[in-house]
Amino acid sequence: MRPAVVYELLKTDKETGARAGIIHTPHGSFPTPMFMPVGTLATVKTLSPEELKEMGSGIILSNTYHLWLRPGHELIREAGGLHKFMNWDQPILTDSGGFQVFSLSKIRDIKEEGVHFRSHLDGSKLFLSPEKAIEIQEALGSDIMMSFDECPPYPASREYMIQSMARTTRWAERGLKAHTTMDKQSLFGIVQGGVYSDLRQQHAKELASLDFPGYSIGGLSVGEEKHLMNEALEATTPFLPADKPRYLMGVGSPDALIDGVIRGIDMFDCVLPTRIARNGTTMTSQGRVVIKNAIYERDFGPLDPNCDCHVCKNYSRAYLRHLIKAKEAFGIRLTSYHNLYFLIKLMEDVREAIMEDRLLAFREEFFEQYGYNKE
Ligand SMILES: Nc1nc2cc3nc(NCCc4ccc(C(=O)O)cc4)[nH]c3cc2c(=O)[nH]1
């Protein structure tokens with residue numbers, strides 16, 4: 001049987017709950033903390049697998065919901081699975097579709113058996129359940145699968161949250177039963193509980209007792225204030241097993257990544273870096289650079305003088321500004337490449353700081369340089 005998803009804890013930062021480790025999967029291993037580029041439709045928009053490897057991307061994310069609707073999971077199974085289909089031979093994590101249903105389809109109806117909704121593509125009636133989400137992810141050949149869960153709207157009442165969490169736990173148990181490949185060792189449970197610390201702790205304990213190989217923290221990055229996310233993490237990670245990975249879903253800004261690592265998170269994903277890149281907004285060591293700004297018209301220096309990526313070594317701000325304003329495809333390839341490199345490199349620098357027990361000092365300096373107002 002292929003090896004399961006296994007977490008190797010290497011070091012815990014002396015001053016915080018931050019961890020440095022390695023995650024082993026059937027398609028290879030990657031260092032943590034790690035930022036995962038999002039490749040919703042079997043492509044990290046405009047970038048090739050070779051470029052993703054070159055920038056240090058150890059794992060990418062794809063979406064059950066989107067690939068099920070188009071081109072269909074059976075087609076991808078016939079192609080030999082998602083790795084073969086998109087020519088990516090490293091780890092792939094897939095989200096289970098719950099969140100996407102709520103963020104994309106208008107009409108939907110949640111029942112115990114699953115969610116009835118209409119396709120955002122052609123309005124056809126569809127039904128997604130814990131069992132169906134497992135079937136699709138197994139057809140894709142995902143290395144790290146997500147349980148089918150409900151990400152409640154924000155804000156949600158305690159009463160709604162309590163009911164929703166209980167159903168998400170029942171759905172997680174159904175997913176474990178339906179999960180047959182890789183000796184059930186590739187399915188993460190997803191902790192909910194909104195911004196209610198006591199519910200976060202309760203749900204973390206409930207899912208920890210089901211002995212998943214890893215745990216996602218869902219229900220966040222849905223519009224809540226940053227301090228509420230941090231408090232929710234503080235109420236969750238201490239109650240998850242230390243020898244399993246923790247993945248915070250949908251988080252992709254430099255400050256939230258650093259503050260998530262400090263609170264015991266190992267993996268992150270978000271469309272933010274690639275989405276903002278498409279309108280020319282970039283993340284640099286000196287803070288955000290909105291490249292269309294006229295001040296860069298004759299700036300022939302690199303996008304980020306402190307970045308050693310391919311883009312910053314070979315192209316100027318003036319050139320990037322020209323491409324983005326002219327809507328040249330090469331422009332968003334360059335800004336997308338740099339933004340992903342920036343977050344992957346940030347996690348490498350954070351990992352080094354953990355190994356040397358100086359993460360809080362690193363945070364202080366990074367926040368100062370980036371221009372975040374001091375906490
Ligand atoms: N299964 C599951 N998946 C999730 C994905 C999420 N993604 C987020 N936040 C993403 C927020 C987000 C969305 C768009 C942009 C942009 O366009 O830039 C940036 C951030 N929160 C999330 C929560 C869940 C969850 O509970 N369960």
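Analyst: Let's start at the ligand: a backbone N or O atom of serine 221 lies 2.9 Å from one of the ligand's nitrogen atoms. That is a polar contact, meaning a pair of N or O atoms within 3.5 Å; within protein, one must be able to donate a hydrogen and the other to accept it, and residues adjacent in sequence count only if both atoms are side-chain atoms. Before we go on, this is a predicted model, where local features need pLDDT of at least 70, side-chain atom pairs count only at pLDDT 80 or more, and totals for chains, interfaces and linings use all residues. Residues are numbered from 1 along each chain as its sequence is written, and side-chain values use heavy atoms, with hydrogens and water left out.

User: New topic: how much space lies in the largest pocket?
Analyst: About 610 Å³. A pocket is an open set of points on a 1 Å grid over the protein atoms alone, with protein on both sides within 12 Å along at least five of seven lines, and lining residues have an atom within 4 Å of a point. Points are joined across faces, edges and corners, and a volume is the space filled by probe spheres set on them.

User: What lines the largest pocket?
Analyst: 31 residues, with Asn63, Phe99, Gln100, Asp269 and Val271 nearest its centre. Strand S5 (60-63), helix H5 (98-104) and H11 each give two or more residues, and H5 gives the most, with 4. Those labels follow DSSP runs numbered from the N terminus: helices are H or I of at least four residues, strands are E of at least two.

User: Where is proline 33 found?
Analyst: In the loop between strand S3 (28-32) and strand S4 (34-36). A cis peptide bond joins threonine 32 to proline 33, with omega about 5°. Tyrosine 154 and proline 155 are also joined by a cis bond, at about -5°. In general, most peptide bonds are trans, and most residues other than glycine have a negative phi.

User: Which phi does alanine 42 have?
Analyst: A positive one of about 70°, although alanine 42 is not a glycine.

User: Is alanine 42 buried or exposed?
Analyst: Alanine 42 is buried, because its relative accessible area is 14%. Buried means under 20%, exposed over 50%, partly exposed in between (1.4 Å probe, protein chains only).

User: And what is phi for aspartate 357?
Analyst: Near 55°, a positive value too. Aspartate 357 sits in the loop between H14 and H15, and is partly exposed at 23% relative accessible area.

How values were computed:
1 Å grid on protein atoms, 1.4 Å probe; cavity = no way out; pocket = protein on both sides within 12 Å on 5 of 7 lines; lining within 4 Å.
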